[in-house]
Amino acid sequence: MLSIEKIYTRIGASPIHRDLSIKAGDGEIVAILGSNGAGKTSLLRAVMGLLPLESGSIVFDGRDISKLVPHERNRLGLAYVPEGRRIFGPMTVRENLEMGSYGANPPAATMRQRLQAMYERFPVLKEKAAALGSTLSGGQQQMLAIARALMSNPQRLLLDEPSLGLAPQMVRAVHDTVKRLREEHRVGVLLVEQNAGLALAVADRVYLIARGSIVEQGTPQELGRSSALRALYLGEVNAPLQEAEC
Ligand SMILES: Nc1ncnc2c1ncn2[C@@H]1O[C@H](COP(=O)(O)OP(=O)(O)OP(=O)(O)O)[C@@H](O)[C@H]1O
Ligand SMILES: [Mg+2]
């Protein structure tokens, strides 16, 4: 269980999160929706230890991790896939994957097993193992970024806007990947998305945030009827909302 409890954060003089609380159960997919600048990326950064808390706490598996540095949180089972993928372009796909478990420094045999597991889960990465990261398409780079994070064998993935800028069939591939993570591997996901249709289609529960606070929360069915969500996305990402059946 990941529990974000009444957190306050700021960047410089600006308050970012105010009294924000979110709970995500083991293996649960929890989506965070909100407009540009609502505080979604900063929330994942706070969970990962990249943005300090002014007050409140982050509890993971019953342990207060608020004071731990990012690699310690990674070792306990959290892994972060940042906005914009940030794969290493001049490194090969295989080297990118190896970097994902670098912090934990596993024995060579474990590293080989994990690589093998990633190649089975994402066959395109096996095909492209020796290719430079920069030569992959946007969708392939997103798969690589997710696989790299999975190399640390996490319990929970913090995934920031994985569908951003992808072609529709790759958005569907991201959708399937997130579902499979939960169903086949019991990896929980805290998913930040601007594609409301995708978020509502994959999530078990959804939070809508605005100016660093929770505005609404509920199941995708409940949020699908929310006037606040409609107001936020109407005209802006109307088409993806209709894609929820995909
Ligand atoms: N490095 C920074 N310096 C100053 N302000 C920042 C910085 N990073 C974020 N902010 C501010 O913090 C607030 C929350 O930003 P954040 O990136 O978390 O939003 P977001 O919900 O992820 O937005 P987007 O949908 O555009 O990715 C915004 O008002 C933003 O301008
Ligand atoms: Mg963001």
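User: In which handedness does helix 3 pass helix 4?

Analyst: This is a predicted model, in which local features need pLDDT of at least 70, side-chain atom pairs count only at pLDDT 80 or more, and totals for chains, interfaces and linings use all residues. Residues are numbered from 1 along each chain as its sequence is written, chains are lettered from A and ligands numbered from 1 in the order in which they are written, and side-chain values use heavy atoms, with hydrogens and water left out. Helices are DSSP runs of H or I with at least four residues, and strands are runs of E with at least two, numbered from the N terminus. A crossing is right-handed if the near helix is turned clockwise from the far one by less than a right angle, and left-handed if anticlockwise; the crossing of helix 3 and helix 4 is right-handed.

User: Is S152 buried or exposed?

Analyst: S152 lies in the loop between helix 6 (138-150) and strand 7 (156-160). Buried means under 20% relative accessible area, exposed over 50%, and partly exposed in between (1.4 Å probe, protein chains only). Because its relative accessibility is 11%, S152 counts as buried.

User: Which residues does S152 contact, leaving aside its neighbours within four places in sequence?

Analyst: Contact means heavy atoms within 4.5 Å. With those neighbours left aside, the residues in contact with S152 are N74, A79, G100 and R114.

User: Which residues of helix 6 make the contact with helix 3?

Analyst: The crossing of helix 3 and helix 6 is right-handed. From helix 3, the contact involves V93, N96, L97 and G100; from helix 6, it involves L144, A147 and R148.
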